[in-house]
Amino acid sequence: MIKVALLSRWHVHADDYANSAKQNPDLSIELIWDEERKRGEDWAKELNVPFEADLDKVLSNPNIDAVIVSTPTNLHKEIIVAAAKNKKHIFTEKVLAFTVQDCEDIYQAVEENNVKLMLSLPRLTENYYLYAQEALDSGKLGRLTTIRCRLAHNGGVGQNGAKTGWLPERFFNKEQAGGGALMDLGAHPIYLTNRLAGPAKTVQAQFQQSKEFAVEDNAAVLVEYESGAIGIIESGFTSYGSPFQLELYGTEGVLLIEEGNVRIQSSHLSEQGWQTPELPEALPMPMQQWTSSILHGTTPSITKEDVLGLTAVNEQAALSQEKGKKIEM
C-alpha cells in the first residue's frame, strides 16, 4: 500500500485525482495540505483525513510514501524538488514547469533520489492515439505531411455577469498558471502531436486575450517538425461545443479522429474509401502506471521526453507571441 498526501486543491483536476486514488487498491490517502488553509481544511473534512498546514511536516513525514501535486503551476518546481529530496514519489498535473531548465532541475532531483515521477498526460493512453501511432509506424499513411489537433471548451465564457464560466478565476492568474488556454488545455494537443510527429524544429504562435483576462483564452500554434511535417495546434477556453479533433495527413493515407470516432483512408488498405478500423486496447491510465512503477518497477509509457517536449513547445510559443515571430527550437 502506497500512503499518499494530496498537495493542494488548486487545479480543477484535483478532485479527479483524489477519486482515482480512492479507487486504486494500491493507494491510501493519509493527509491533505493546501496553500490556502481553508480550502485544504474543507477538503480534508470531505475526505475524512487529517489536514496539515506545514508542508515541511508533510514531506518529512515517514508515514507518507508519495504525493499527488495539484498546486498552482508556479509552485511545482519548489514542491516537487522538496518532495523528491524527502524520498517521496510524485504524481502531478501538466505542465511540469514553465521552462525546460526548470523541468531538467526537477528531473535531476528525482533521479538523484531514486523516486518515481509521473505527469498526467492521459491521452497518450487512449486507444485512438495508439491506433494513430500504429497507422504511422506501419506505413499506412506514408510520410506524415500535416498533423492537426484541436481541444477547446467554453470554461472561460462567463454568464449572468460572471467573469468566467465553469473554470475558476485562478486559472486566469498569470503568476500562478503561467499561461492560459495553451498552457493548460493546449498541453494535450502539444504532447500528442509531439509524440506522433517527432521533435519540433520551429514554433510560431498567435494568442487572443480578452480584456478581462491576464492570459490567453484562445490560441493557435504552427509547428515545423524535424521530420518535415507541419503541425497545427488549436486550443481555447471560449468555444462552445468544440469537439476534440486529431487529424493526420500523409502521402499515402489520412486518419481522422473526432471525439471517439476514428476513420481512415489508405492506399495500403484492401478496401478503398473511408474505413472504420478496429482499435487496440487502451493502456492503463497515468496514475495506474505510476503505482505500478513504484510497486513493481514497471516502465511507464509516458516518458521524460514527452514531458520536456511539452514544456519546450509551450515555452517557445509564449516567446513567439511576445516577439511576434517564428522561434527556432
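Start by selecting helix α4 (residues 76-85), where the buried residues are H76, I79, I80, V81, A83 and A84. Buried means under 20% relative accessible area, with exposed over 50% and partly exposed in between (1.4 Å probe, protein chains only). Helices (H or I, at least four residues) and strands (E, at least two) are DSSP runs, numbered from the N terminus.

This is a predicted model, in which local features need pLDDT of at least 70, side-chain atom pairs count only at pLDDT 80 or more, and totals for chains, interfaces and linings use all residues. Residues are numbered from 1 along each chain as its sequence is written, and side-chain values use heavy atoms, with hydrogens and water left out.

Next, show what covers the buried residues of α4: the elements include β1 (2-7), β2 (27-33), α3 (55-60), β3 (66-69), β4 (89-92) and α5 (100-112). After α4 comes K87, with a positive phi near 65°.

Move to helix α6 (residues 127-137). It is largely enclosed by the rest of the structure, because 8 of its 11 residues are buried. Select Y128, Y129, L130, Y131, A132, Q133, A135 and L136 to see the buried residues of α6. Among the elements that cover them are β6 (144-152), α8 (187-197), β10 (245-250), β11 (253-258) and β12 (261-266). G139 follows α6 and has a positive phi, near 90°.

Last, select T311 in helix α10 (residues 304-323). T311 is buried, at a relative accessible area of 1%. Leaving out residues up to four places away in sequence, T311 touches V95, L96, A97, F98, T99, V100 and C103; contact means heavy atoms within 4.5 Å.
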